[in-house]
Amino acid sequence: MLIFNLKTIFAARQIDKPYSFLVKIGIAPHTATRLINENVRVMRLDHIELLCKNLHCEPNELLTYKQDKNEVLPQNHPLNNLVQQPQDNQWQETLKTIPLKQLKEIAAIINQTNPEK
């Protein structure tokens with residue numbers, strides 16, 4: 001079963017009020033509630049586009065695949081690419097305590113990979 005798994009992206013983007021964020025970008029309140037509760041069965045393409053633009057991600061990063069109990073997919077099936085792997089969000093805490101010199105080095109690397117800024 002495919003589900004929208006926005007919690008991981010919200011955590012990575014440090015969005016602590018997902019409902020407010022979703023409504024602010026143009027998602028209807030009832031749809032925002034369903035997205036947060038992972039209770040979405042149908043999603044409009046323009047909403048997916050809104051999410052991708054505002055979360056700086058690709059559509060496949062919004063989706064997670066959870067295999068049904070009595071369903072077995074071959075290991076090489078493309079849907080297996082969407083199985084959620086355990087996330088390590090400790091990097092956010094590490095950034096708070098890393099020495100300033102190293103933080104500046106990280107910022108330089110980021111600025112090199114993001115020519116827009």
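This is a predicted model: local features need pLDDT of at least 70, side-chain atom pairs count only at pLDDT 80 or more; totals for chains, interfaces and linings use all residues.

## Salt bridges

Lys 53 forms a salt bridge with Glu 49, their closest N and O atoms being 3.0 Å apart, where a salt bridge means a side-chain nitrogen of Lys or Arg within 4 Å of a carboxyl oxygen of Asp or Glu. Both Lys 53 and Glu 49 lie in helix H4, four residues apart, which is about one turn of the helix; helices (H or I, at least four residues) and strands (E, at least two) are DSSP runs numbered from the N terminus. Lys 53 counts as exposed at 55% relative accessibility, whereas Glu 49 is partly exposed at 43%; exposed means over 50% relative accessible area, buried under 20%, and partly exposed in between, with a 1.4 Å probe and protein chains only.

The structure holds two salt bridges, and the side chains of Arg 44 and Asp 46 also meet in one (2.5 Å, N to O). Asp 46 is partly exposed, at 36% relative accessibility.

Residues are numbered from 1 along each chain as its sequence is written, and side-chain values use heavy atoms, with hydrogens and water left out.

## The nonpolar core

The largest nonpolar core has 19 residues, of which Leu 6, Leu 22, Leu 35, Leu 51, Leu 55 and Leu 62 touch the most other members; such a core is a set of buried Ala, Val, Leu, Ile, Met, Phe, Trp, Tyr and Cys residues joined through side-chain atoms within 4.5 Å. Helices H1 (7-12), H2 (18-24), H3 and H4 (45-55) each supply at least two residues of this core, and H4 gives the most, with four.

Leaving aside neighbours within four places in sequence, Leu 55 is in contact (heavy atoms within 4.5 Å) with residues including Leu 6, Phe 21 and Leu 62.

## Helix H3

In H3, Thr 31, Ala 32 and Leu 35 are buried. They cover an arc of only 105 degrees around the axis, so they sit on the same side of H3; the arc is that of the directions from the helix axis to the C-beta atoms. What covers the buried residues of H3 includes strand E1 (2-4), H2 and H4.

Pro 29 also lies in H3 (residues 29-36) and is partly exposed, with a relative accessible area of 41%. Not counting residues up to four places away in sequence, Pro 29 touches Tyr 19 and Val 23. Just after H3, Glu 38 takes a positive phi of about 55 degrees.
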